[in-house]
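Reader: I would like to learn how to read helix packing and pockets in a model. Could you take me through them one feature at a time?

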Amino acid sequence: MIDLIKASQGDEEALDEIVYLYNEKAVKIASIYVGNDYEDVVQDIWLKIIGKRHLLANVDNFDNWLFLVIRNACFDYLKVEKKRRSNYELTLHENIDYIDNQISYPDILDKIIQDESNDIIRSIIEKLSEAYSLPIVMRYIKEMTLEEIAKTLNLPLSTVKWRLHAGKLQIKTEILKRRLL
C-alpha cells in the first residue's frame, strides 16, 4: 500500500515505491499514445509527479489520477512533436533514401494500398472517443490481452469486451460509409 501522505512530504522511500509499483503501467499507457517515444514521456511524467509531490496528499484514487497525468503528458508531447515535424524539411539526401526504401518493396502497389488502408483505419480510430479507441489500440496494435487491458484501464473485463465490440462496430460502419469494403 502506497503512502501518498509520506510521498507528498518528500519521503524518498514512499516516492520510490510509487515509481516502482506504477512505472510498468505508465510505460504501457504512454507507449499506446506515443509509440516508441514513450521513454522520454514516462521520464517526464515521473519528474513532474516528483516536482509536484505536495499534491499527492489530495489524491483520492491514485490509479485514475496517474492515468490522467500520463494521458495529458502524452497529449502535450504529441502536440509538440506534431509541430516539430510540420516545421521540419527533409534534405535531398533524406528524400532520396526514402524513395529508395519505397522502391525496394517487391510489389510497391500492394505496399501503397496496404499503407493507405492502414492510414484510413488509423484516422477512423483517432476519431472514436477515448473509451473505444484506447481499448482497440491496446488490443490490436499493442497486442495486450483482455485482462491486461482491464487491469491497465482499471475496468471490469466485461466493460473492456463491450467497448472493443462497440468500437469495432463503429469502425466497420465508418468503413462502409467510405465504401472501402
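This is a predicted model: local features need pLDDT of at least 70, side-chain atom pairs count only at pLDDT 80 or more; totals for chains, interfaces and linings use all residues.

Reader: Which residues of α2 and α3 meet?

Author: From α2 come Ile18, Val19, Tyr22, Asn23, Ala26, Val27, Ala30, Ser31 and Val34, and they meet Tyr38, Val41, Val42 and Trp46 in α3. Sorted by class, this contact has 11 nonpolar and 2 polar residues, with no charged residues.

Reader: How far apart are the axes of α7 and α8, and at what angle do these helices pack?

Author: The axes of α7 and α8 lie 10 Å apart, and the helices pack at an angle of about 140 degrees, so α7 is oblique to α8. Their crossing is right-handed, and the contact is made by Leu134, Pro135, Met138 and Arg139 of α7 with Leu146, Ile149, Thr152 and Leu153 of α8. By class, that contact has 6 nonpolar, 1 polar and 1 charged residues.

Reader: Turning to pockets, how much space lies in the largest pocket?

Author: The general idea is that rolling a probe the size of a water molecule over the atoms shows where empty space is left. In this model the largest pocket holds about 630 Å³ of space, and of the 17 residues that line it, Ile32, Tyr33, Leu78, Glu126 and Val137 are the closest to its centre. At least two lining residues each come from α2 (12-34), α4 (62-86), α6 (108-127) and α7 (130-141), with α7 supplying the largest share, 5 residues. The lining has 10 nonpolar, 3 polar and 4 charged residues.

Reader: And which residues line the second largest pocket?

Author: The second largest pocket, with a volume of about 300 Å³, is lined by Leu21, Tyr22, Glu24, Lys25, Lys28, Asp63, Glu148, Lys151, Thr152 and Asn154. The elements that give two or more of these residues are α2 and α8 (146-153), and α2 gives the most, with 5 residues. By class, this lining has 2 nonpolar, 2 polar and 6 charged residues.

Key:
Residues are numbered from 1 along each chain as its sequence is written. Side-chain values use heavy atoms; hydrogens and water are left out. On a 1 Å grid over the protein atoms alone, a cavity is a set of points where a 1.4 Å probe fits but cannot get out, and a pocket is an open set with protein on both sides within 12 Å along at least five of seven lines; lining residues have an atom within 4 Å of a point. Grid points are joined across faces, edges and corners, and a volume is the space filled by probe spheres set on the points. Helices (H or I, at least four residues) and strands (E, at least two) are DSSP runs, numbered from the N terminus. Ala, Val, Leu, Ile, Met, Phe, Trp, Tyr, Cys and Pro count as nonpolar, Asp, Glu, Lys and Arg as charged, and the others, Gly among them, as polar. Axes are lines fitted to C-alpha atoms, for helices over the stretch in contact, and angles run from 0 to 180 degrees between N-to-C directions. Angles under 35 degrees count as roughly parallel, over 145 as roughly antiparallel, 65 to 115 as roughly perpendicular and the rest as oblique. A crossing is left-handed if the near helix is turned anticlockwise from the far one by less than a right angle, and right-handed if clockwise. Contact means heavy atoms within 4.5 Å.
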